[in-house]
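Sequence and model come first.

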Amino acid sequence: MERGKGKRAVQTQELDQGPAKKLRRKLKPSMAKRPTASGNVLTCGQGEVGQLGLGEDVMEKTRPAIVDGLSDVVDISAGGMHNLCLTATGKVYSFGCNDEGALGRDTSEEGSEFVAKPIDLPGPCVKISAGDSHSACLLEDGRVFAWGSFRDSHGNMGLTLEGNKRLPIEVQPPVGLSRWVDIASGSDHLVMLSTAGNIYTVGCAEQGQLGRISIRAASGESRRGKTQLLRPDIVTLRGRAVEANAIWATTYCTFYRDPQKERIYAFGLNNYCQLGISNPSENVVKPVFVPEVTSFIDAEQIAGGQHHTLVLKTDGKVYAIGRKEYGRLGLGEVSEDVKMLTLIEKLADKKVVSINCGDSASFAVTNTGEVYAWGMGSNQQLGTGNEEDEISPVLIASKQVQGKVVLKVSSGGQHSIFLVQETPTKKPEKKEAAKAGKTNGTTSTANGEASASSSTTTASSENQKAKPETKTTAGTSRKRKI
């Protein structure tokens, strides 16, 4: 682990030493598991740079359409303008924009970014995560590999101090840490969870999303430059390494669950109270550059966009907080931004098992495999068949998803990607069974494998609140800081 001269030693628990060893073992996070339910991959929205995976001739889709060349897919993750797909055997496929190496493979062949192709990795993968211009994966053996680039308000930061990485490189664990157990990507930062439950972050820190960089050093213009930003380091609170058994990353924020207190902590952009942390007053935004406890309780999953956050609680109910524009909160007609976590009434009679957010769009998958969408629809990323914004959750009932089990949704900057369970092949009835009047027409539609991506923050309170939001439209360049 990199340490600056004179830096105070941080108390960690990587080596499991001391009298609290027995307790810590009980609280340690478990290794992320690769989902088992597989399905077809569908996409909708804008596809000028290949993020739909439907070939060079398809530039947009108003409803989800099947992506050819993929089978037995168990997980999906949408980046800003690219996608990752994980198969049942641990292979990772990518398609979409590769201008900064986010696909992790050679795309010199014309049109190759428009179709899904595998990434060369040194072992089977269990989890994937995609940011704006970077990608990462967690292997079965606990190693993390990443590729692409982080970005800040000045432009390209590089993935490491050496610059962009167009092919996967290992994110080296600090001394004493044997492996990672979970990962999550924000727009331009990567969060990693160690076997001991310690959190490490790397990437852009301008909005506080790394949780370990001061406001002064967040720009990368301090004496140490970008060294602090582009070398993974541990998140601490009052000189002690924080402990977590779950992590989530939204566009400019990071959340984690403290296993001892069972509370949710967060750091990052909070200009619309999207962290679940109150600001001092209406016109004063409190920078959150170190972990602080939030108002969120009983959180099962957390997802978020640029200025809003969704919380799926253990009872299957979904709550929203943050900016109201474009209907992203799903609360119907609201006159003001929402500063307290509020139940989405339209989903109150559903048991939701998975949530996800694009920049200004939101999705929820129920235990029956239905998928609901709301928020900004200007780029057809909601999959409703039109460009209208939706202020309340709307059931997606197009031909490709109607009557089928949706396992997961992941939304990017101008597009969305869906994982829909393959229709089981009905076995032919045996003659003996037919004579006896027996049938075998029952198939299981349980959606136990659905999960949220983690899917995914200004150096002073004044410019945090003043930042305008970018409403990305078809044909524009990649979305950046807002």
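Two strands pair if DSSP finds at least two bridges between them. Strands (E, at least two residues) are DSSP runs, numbered from the N terminus. The model is predicted: local features need pLDDT of at least 70, side-chain atom pairs count only at pLDDT 80 or more, and totals for chains, interfaces and linings use all residues. Residues are numbered from 1 along each chain as its sequence is written, and side-chain values use heavy atoms, with hydrogens and water left out.

**Sheets**

| Antiparallel pair | Residues | Bridges |
|---|---|---|
| β24 and β25 | 308-313 and 318-322 | five bridges |
| β20 and β21 | 253-258 and 263-268 | six bridges |

Leu-310 has Ala-320 in β25 as its bridge partner. Cys-253 stands opposite Gly-268 in β21.

**Core**

A nonpolar core is a set of buried Ala, Val, Leu, Ile, Met, Phe, Trp, Tyr and Cys residues joined through side-chain atoms within 4.5 Å. Buried means under 20% relative accessible area (1.4 Å probe, protein chains only). The largest core holds 61 residues. Among the members that touch the most others are Phe-255, Phe-296 and Ile-302.

Phe-255 has contacts (heavy atoms within 4.5 Å). Not counting residues up to four places away in sequence, Phe-255 touches residues including Trp-248, Tyr-265, Leu-275, Phe-296 and Ile-302.

Terms used
Helices (H or I, at least four residues) and strands (E, at least two) are DSSP runs, numbered from the N terminus. Buried means under 20% relative accessible area, exposed over 50%, partly exposed in between (1.4 Å probe, protein chains only).
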